[in-house]
Amino acid sequence: MDKFIENEIEKRLKRKMNELERHIFSAMWSEHCGYLHSKLQLKKLNSKGALFPAENSGGVKIGNTGVFFKVESHNHPCAVEPYQGAATGIGGIIRDILALNARPIALLNSLKFCEEQKHLIDGVTRGISDYGNSCGIANVGGEVIFDECYRDLPLVNVMAVGIAPLDKVKLSSAKENLEIVLLGSPTGIDGVGGAAFASKELKKDTKEEKIHVQIGDPFTKKKLIEATLEILNVEGAAACQDCGAAGILSSTSEMAYKGGCSIELDLDRVHLALKNMSAAQILLSETQERMVFAVEKRALDKVFEIAHKFELDISNIGKTFCGGGSRDYVIKKDGKILSKTPLDVICEPYCHDLEPVFGQVTHTDEIRENVDVKSALFKIVASPEFASKEWFYEQWDYAVGARTYMQPGFSGAAAVKIDEGFIGLCMDSKPRFVKLNPYSGAKSTFLESYRNLVSSGFEPMGFTNCLNFASPQNEETKYDFVRSIDGLRDISKAFCVPAVSGNVSFYNEKENRRIYPTVTIGMLGCCKKEENLIGALFKKDERVFLLGKKITLESNTGGSLYHSVLFDRLCSKPDEIDIQLELKLKDAILDMADKKIISGALDVSKGGILGALVSALLKSNTGFCGSLLPDKNLEDYQKLKLLFGETEGRYIVSCSDLVKTEAYLLKNNIPHSLLGKCVGDKIEFDGYSFNLDELRKEYKNSIKNALEQY
């Protein structure tokens, strides 16, 4: 424990800590549980309009339904034990949703790898597949990014979504005179110290760190889901928390602290997997598939009956009470009080006010190296980051639950059915953009998710975030983190899309290598009518339009995929964001979908205009003939910038009625360009011709071939 932190704790306690209390504070005052370097910054985020943003998971209101969603990281566990790390990452985020009495209905993933590390990619993918599929929760989408900065430092960010009637939602605060009940797997030693492990830089040798990784059991989780939802509808079941980081310790202390009461736990009552476990091991174990409930005495018999029906272990491990003038956390074992600690000291750790001494926005000269457009397109299409993610999707069950409207990859956002219509879900990140400029890069990341929802027919309603950074003690990391938060605050206020929940993962570094600052956004939208949903699919004989910023050499293209693929470097600076244009385009696309003017749409992001067009055509199995360049006589490096630059504020849409579409766009003053028509089996523009089957072969097989190579 850091000497400064130790002194601060004992100053607040007005005494020395005993051995058990050292374990308690090592967990609760860790970065993972206490958010020591991020809590003050996170308060900047705009949560106006969010539903219960201070709970395990926040959400939004759609009709009489609360839709709850949250993203969390399991980066460190996946680095040392990829299969179990990914599996228990899913298990943990499911429990956050479940604690609100919300039924989990969908999962998404944002994954970052170095493409050479097949064992990490394979282990994480199998962990997600085996756990999510066995739980019966649809895995509906997400993203996968490959970069050398993630070598030995994979990022595994998982998002879960659940629904509950608004009048059935349960919160996590426990009032006095309630019984504390532990439901689920017997407590063992797996994951002991996991919170502290996730709060420090990874070691060179990860073997000894595997003990900190939890072991998942998806079949028990399925029973736990059903039992929890039944218990939380019992009259007298007052509150619920999941046993995640720091296990019983964090869940019970936070319940009592939020409710303003004291709590006493008798560790002899906890059902255990092993004999002779110490008090610290019992408290800090992160054994999976466990929930904690605060219930009235009159409800105990019914709660135990439900547990037995689902063949789950259950224990009454303590009680809440009025502590008089103080609110205490009391731990008993072997008939003795081992610790009596003020809850405010446990649950309100010292927080650092990050004030970067210096920081910088990266600027590099524009690349003027000429590369032939044809070879450039094939390289980009074949790059694992751009290529089809079918290798991942085909291992995950996206259809279980019968709510998924379209398979992953065929629209900008997943569409999931609820009683009030459809919710749209997506996860996105743009780490190269954030590396170049954390403020505008964070805003650009937000807008990537925003446009993915809009291009699929959804009105954006709320977002969650996972902020993945290196050590917060590093000045550059401090700067990147603070400015990223500023960017998210400003963009979410401008678009009236609140932050409903979030997560921070620091210390993603090892042996002097740091990840790019990676802001992951999970966003949710709503569409009331099925016929207004849009896919990223074009039909033969349809016309194709570019809406938004026109093709011009004046646009900046920093962070674009083509810089990484063709030149292995970052370049220039991100493009400027035009908020009014973005809002205007959103309204126009949703209105045109409602009026049946457009039938297909996608935003322009990775791979620029040509990348977006090729992606849609490959999925639609149709060719294209038209013009994308304002001048055929440009230098090759200028053509690359125009075709592959990831300029902000753009969508590509398709329509069958050219006259009607142009009339609408002109009447509403929507900036646009007619690109061409979907015809034939080739892609032809400005003197270039590409065979669709050749491109498709590279697009579909790239990831599989890359993994087989290593």
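Where is G548 found?

**View 1. G548 sits in strand β20.** This is a predicted model, in which local features need pLDDT of at least 70, side-chain atom pairs count only at pLDDT 80 or more, and totals for chains, interfaces and linings use all residues. Residues are numbered from 1 along each chain as its sequence is written, and side-chain values use heavy atoms, with hydrogens and water left out. Strand β20 covers residues 543–548. Helices (H or I, at least four residues) and strands (E, at least two) are DSSP runs, numbered from the N terminus. The relative accessible area of G548 is 2%, so this residue is buried. Buried means under 20% relative accessible area, exposed over 50%, and partly exposed in between (1.4 Å probe, protein chains only). Setting aside neighbours within four places in sequence, G548 is in contact with L581, L585, G649 and P671. Contact means heavy atoms within 4.5 Å. G548 and F469 are 79 residues apart in sequence. Their C-alpha atoms are 33 Å apart in space.

**View 2. H37 lies in a loop between two helices.** The loop runs between α3 (31–34) and α4 (39–42). H37 has a relative accessible area of 7% and is buried. What is H37 in contact with, leaving aside its neighbours within four places in sequence? The partners are E31, H352, L354, P472, Q473, F481, F506 and Y507. K112 is 75 residues from H37 along the chain. The C-alpha atoms of H37 and K112 are separated by 24 Å.

**View 3. Helices α14 and α24 pack at an angle of about 30°.** Helix α14 spans residues 373–382, and helix α24 spans residues 692–709. Their axes are 8 Å apart. Axes are lines fitted to C-alpha atoms, for helices over the stretch in contact, and angles run from 0 to 180 degrees between N-to-C directions. The two helices are therefore roughly parallel to each other. Angles under 35 degrees count as roughly parallel, over 145 as roughly antiparallel, 65 to 115 as roughly perpendicular, and the rest as oblique. From α14, the contact is made by L377, F378, V381 and A382. From α24 come E694, L695, E698, Y699 and S702. The contact residues of α14 with α24 divide into six nonpolar, one polar and two charged. Ala, Val, Leu, Ile, Met, Phe, Trp, Tyr, Cys and Pro count as nonpolar, Asp, Glu, Lys and Arg as charged, and the others, Gly among them, as polar.

**View 4. Helices α2 and α10 cross at roughly 80°.** Helix α2 holds residues 19–28, and helix α10 holds residues 247–259. Their axes come within 10 Å. The pair is therefore roughly perpendicular. I24, A27 and M28 of α2 make the contact with L249, S250, S253 and E254 of α10. The residues of this contact divide into four nonpolar, two polar and one charged.

**View 5. Helices α21 and α22 pack with their axes 3 Å apart.** Helix α21 covers residues 608–620, and helix α22 covers residues 636–644. The angle is about 55°. That makes α21 oblique to α22. On α21, the contact is made by G608, I609, L610 and G611. On α22, L642, L643 and F644 take part. How many of the residues of the contact of α21 with α22 are charged? There are no charged residues, five nonpolar and two polar.

**View 6. E289 has a positive phi of about 60°.** E289 is not a glycine. The residue is found in the loop between α11 (279–284) and β9 (290–295). Is E289 buried or exposed? At 1% relative accessibility, E289 counts as buried.

**View 7. E511 has a positive phi near 50°.** This residue, too, is something other than glycine. E511 has its place in the loop between β17 (509–510) and β18 (513–514). Its relative accessibility is 42%, so E511 counts as partly exposed.

**Setting for the views. The protein chain has 24 helices and 26 strands.** Buried residues make up 63% of its 710 residues. The C-alpha atoms fill a box of roughly 85 × 50 × 45 Å, taken along the principal axes. Among contacts between residues at least 6 apart in sequence, 86% join residues at least 24 apart.
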